[in-house]
Amino acid sequence: MTAFDEMRGMNGQVRPGYRQLADWLAGVPRALLEERRREAEFLFRRIGITFAVYGDAESTERLIPFDIVPRIIAHEEWTQLSKGLEQRVRALNLYIQDVYSKREAMRAGIVPEELIFQNPVFRPEMNGQRVPHDIWVHIAGIDVVRVDPETFYVLEDNARTPSGVSYMLENREIMIRLFPELFATHRVAPVENYPDELLATLKSVAPLTSAAEPTAVLLTPGLFNSAYYEHSFLADKLGIELVEGRDLFIENNIVFMRTTEGPQRVDVIYRRVDDDFLDPLAFRPDSALGVPGLLGAYRAGNVTLANAVGTGVADDKAVYSYMPDIIRFFLGEEPILKNVPTWRCREPESLAYVLEHLEELVVKETHGSGGYGMLIGPKACKEEIETFRAKLKHDPTTFIAQPTLALSTAPCLVEEGIAPRHVDLRPYVLQGKTGVRIVPGGLTRVALQAGSLVVNSSQGGGTKDTWVLGA
Amino acid sequence: MLSRTADNLYWLARYIERAEFVARTIEVAQRMASLPTSYGGSSNEWESALATTGCADSFHKHYRDATERTVTEFLAFSPENSSSIVNCLETARANARAVRTALTVEMWEAINDVWLELKKLNRRKLDRDDVNRFLNKVKEASLLFDGSASRTMLRRDSYWFERLGHYIERADNTARILDVKYHLLLPDQSHVGGALDYYQWTSVLRAVSAVTSFHWVYRESVKPWLVADFLILNEQMPRSLASCYENITRYLDMLAQGYGRQGPAQRHARAMRARLQNARMEAIFGTGLHEFITGFLADNHRLGSEVTEQYLV
């Protein structure tokens, strides 16, 4: 399977946006690249940008490998992509609102009933509940991949607590320090305004009962969470308090934080804690991360949670396959971004097909994430395939299957020099009272192993800076 | 600001200050223990280092004899000792990570760098040179952290809490040295000029890096009551109890002004400062140096509790 290379296209011809970079790469001494790579690593370690890998007791702090060759997206490509992203996120929001209110999509037969009611992340507590300004998905991370010059496929919607945006911002800072000469010859659209856009989004959705200048906070599970660095980084850039559950308390259905000057009211919570752990009184009673009574305050309309409770019903991999129809149903538009063709193993005919073609398909758990619990047929050995066959037969409803996509490649600095590696892209889409905002760029993840298609950082993937070129 | 953030900053400053203090204590003990006995050197120095850092009891749960090797290991590297340098640095860095947003980059790097240094140490194969190099790094890190804080932090509550932790810990440390060595500082005329104690008094000064400054201030040879005066009442001496309380009251006042409210901590600190300002060494010796210091340690501890009560929970 030959992949589309974003620099050299299908036929080896350098594509327009990459012309200067290709020239530069051809002329730059290898030693200089190596030096800059080492410098980048030093900077990352010094700043302390690390992430934790679960189940890895040895080192709770690791660096995500960073590739210093930028990935370029031409202006027109981005314009098209961002329209598609906006459409997708608006549809996700309307769908979630519908799930917790009239359920028109279900009644019209667009999505099957069990997709809602048998979904473990469906929150009956939210039935009939309005959320401030009817916005459920404030921050979405939409994972997209390319297979040819024209087509972006959505691989996955993340409508709960998508992470990684700190890498988008830090990667850019580091690139500006390392390669000022490249920024001088490329018109790279800035991403540094993301925190401002995010703060504006959060403040725009404050509850109606809040003060003129609402107080927003970022709720983290704490130091031992794998994304803790990002939480503290964002809180810092936003200029809001980074709180843990124990910093907050509820009185008369109003949320307060404990400060050195006494209790202070909180209006908007950008929460990076999963639904299950938000409120031990409403959800998991063993959660020490949450705030007792938070759901009560939320339902009373005294605090905004971003994202809303229960958004998981829209982003698992089973709902994914219905997204094109959901877009048509709620927006009356044709989807701009394509969906990867998906076999829903819940459907007997699809299951039969999948079982017959396991060697060529990617099989994913509908609730899995981080690249865990999936089978990549063409890369798997006989044993793995048989294990998955058994799993599929045992409980087909929790799986979907997709063809193995030839993800596009971008040039990377690896052992043997500059070589193509598979990449994906996670742009971050913000949705507030005044509409959708998207900072031009996103997090490019790269599978640094030659031939590998797994870009997840927990599985050896790296990141690189993403340059959307200006007009 | 969040109470938890203030609490973290306050303790972060305390742990950094404590790490430096423990490092100095080890250095002084090394120096004293290596003097010939006729100059006051004795193996007791290691016991006294344990007493100064307040770890004698927990030490004897893990070791029998206080020797250079065991005490250095316990004070510098032992995970069992909550005030060991390693634990101080680990806690300081954990606190720093938890409040990254309240620190400046320079402060974070001062802590993170010494922590990375610590991770590189091979503790099995440390000789005295390695230990001393490490102790130096710790002292440098403390200076760097302190300097970074004062040069880069915004002058607002976060800074004031950091300073408070720093001075409350420092007052505690100075008082502990005095508490262990107080018998050497009593104005017993018969001892004066004896070579034996001269080195001990000097060692007290050395522990607080004040040998040279002592001479500048008093223009006299080292005499025990002057050492006591220097460390307790002299506001010029940045580690003296009087100077610590000058700073403590200043930063508590700034907090009170910033928040528009005085509280028990402010009143208590003001009273302590007034007592130090009005005290004279003769009177302190008259009523008992030991009693004075024990009383001070208790009062200082109480101030810590009041600060916690008023702001940090």
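**Figure 1. Overall dimensions and secondary structure of chain A in the predicted model.** Chain A contains 14 helices and 21 strands. Its C-alpha trace extends over about 65 × 60 × 45 Å along the principal axes. For 471 residues, a compact globule would have a radius of gyration near 23 Å, and the 22 Å of chain A therefore agrees with that expectation. The model as a whole carries an ipTM of 0.78 and a pTM of 0.83.

**Figure 2. Contact between chain A and chain B.** Chain A contributes 15 residues to this contact, and chain B contributes 16 residues. On the side of chain A, the elements that supply two or more residues are helix H9 (228-238), strand S5 (241-243) and strand S7 (254-259). This side of chain A comprises six charged, five nonpolar and four polar residues.

**Figure 3. Crossing of helices H3 and H12 in chain A.** The axes of H3(A) (residues 75-99) and H12(A) (residues 323-331) come within 9 Å of each other and cross at roughly 80°. Angles of 65 to 115 degrees count as roughly perpendicular, and H3(A) and H12(A) are therefore described as roughly perpendicular to each other. From H3(A), the residues Gln87(A), Arg88(A), Arg90(A), Ala91(A), Leu94(A) and Tyr95(A) meet Ile326(A), Ile327(A), Phe330(A) and Leu331(A) of H12(A). Seven of the residues in this contact are nonpolar, two are charged and one is polar.

**Figure 4. Packing of helices H1 and H5 in chain B.** The axes of H1(B) (residues 3-33) and H5(B) (residues 85-98) come within 9 Å and cross at roughly 155°. Because an angle over 145 degrees counts as roughly antiparallel, H1(B) and H5(B) are assigned to that class. Their crossing is left-handed. Residues of H1(B) in the contact include Trp11(B), Leu12(B), Tyr15(B), Ile16(B) and Arg18(B). Among those of H5(B) are Ile85(B), Cys88(B), Leu89(B), Thr91(B) and Asn95(B). By class, the contact of H1(B) with H5(B) has 13 nonpolar residues, three polar residues and one charged residue.

**Figure 5. Prediction confidence along chain B.** The mean pLDDT of chain B is 89, and 93% of its residues score at least 70. Of the elements of chain B, helix H12(B) (residues 241-259) has the highest mean pLDDT, 97, whereas helix H9(B) (residues 195-207) has the lowest, 76. The pLDDT falls below 50 over residues 189-193 of chain B. Beyond near neighbours in sequence, this stretch has two contacts in the model.

Methods: Residues are numbered from 1 along each chain as its sequence is written. Chains are lettered from A and ligands numbered from 1 in the order in which they are written. This is a predicted model: local features need pLDDT of at least 70, side-chain atom pairs count only at pLDDT 80 or more; totals for chains, interfaces and linings use all residues. Two residues are in contact if their C-beta atoms, placed from the backbone, lie within 7 Å. Helices (H or I, at least four residues) and strands (E, at least two) are DSSP runs, numbered from the N terminus. Ala, Val, Leu, Ile, Met, Phe, Trp, Tyr, Cys and Pro count as nonpolar, Asp, Glu, Lys and Arg as charged, and the others, Gly among them, as polar. pLDDT is the predictor's confidence in each residue, from 0 to 100. Axes are lines fitted to C-alpha atoms, for helices over the stretch in contact, and angles run from 0 to 180 degrees between N-to-C directions. Angles under 35 degrees count as roughly parallel, over 145 as roughly antiparallel, 65 to 115 as roughly perpendicular and the rest as oblique. A crossing is left-handed if the near helix is turned anticlockwise from the far one by less than a right angle, and right-handed if clockwise. The radius of gyration is taken over C-alpha atoms; the globule rule is 2.2 Å times the number of residues to the power 0.38.
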